[in-house]
Amino acid sequence: MLTEELRTVGIVSSLSRVGAFPYRLALEDEMGTPYRIIVDEKTLEAGILALQDRDTAAMEDMAGRDVLQSLQRMLSAARLSIHSPTFSR
């Protein structure tokens, strides 16, 4: 399962069902969750997931097998930009 695979590499993840979606979005925003993986009908039919950036709401469709690598790349880039000398609060 993808959730377990993410956790094994240190990416904290949780699973939400559709009924809890509005509550979950508010909670994720409050916690500062940077990315959301959306599983829908496309996932069941073709194995395609959507990876959504919380700040920009941009979504990228990708094969389920590519999600972990994409998340690791995005999180690594975010860490680098936070620690760069030009970053200011």
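Buried here means under 20% relative accessible area. Keep that cut-off in mind on this tour of a predicted model.

**Stop 1: S70.** Select S70, which sits in helix α4. Its relative accessible area is 9%, so S70 falls under the 20% cut-off and counts as buried. Now show its contacts. Leaving out residues up to four places away in sequence, S70 touches L51 and M62.

**Stop 2: the core around it.** Both L51 and M62 belong to the largest nonpolar core. Select all eleven of its residues: L6, I11, Y35, L49, L51, M62, V67, L68, L71, M74 and L75. Colour β2 (48–53) and α4 (67–83); each supplies at least two residues of this core. Helix α4 gives the most, with five residues. In soluble globular proteins, nonpolar side chains tend to be buried together.

**Stop 3: strand β2.** Five of the six residues of β2 are buried, so the strand is largely enclosed by the rest of the structure. Pick L49. Beyond its neighbours within four places in sequence, L49 contacts L2, I37, I38, V39, T43, E60, D61, M62, G64 and V67.

**Stop 4: the partners of β2.** Show strand β1 (residues 35–38). Four bridges join β1 to β2, and the two run antiparallel. Find I38; it stands opposite A50 in β2. Next show strand β3 (residues 59–63). Five bridges link β2 to β3, again antiparallel. Select Q52 and look across to M59, its bridge partner in β3.

**Stop 5: the turn.** Finish at the hairpin formed by β2 and β3, with five residues between them. Click A57 in the turn: its phi is positive, about 65°.

Key:
Residues numbered from 1 in each chain as written. Predicted model: local features only at pLDDT ≥ 70, side-chain atom pairs only at ≥ 80, totals over all residues. Heavy atoms only, no water. Core = buried A, V, L, I, M, F, W, Y, C linked by side-chain atoms within 4.5 Å. Buried < 20%, exposed > 50% of the residue type's maximum accessible area, 1.4 Å probe, protein only. Contact = heavy atoms within 4.5 Å. Pairing = 2+ DSSP bridges.
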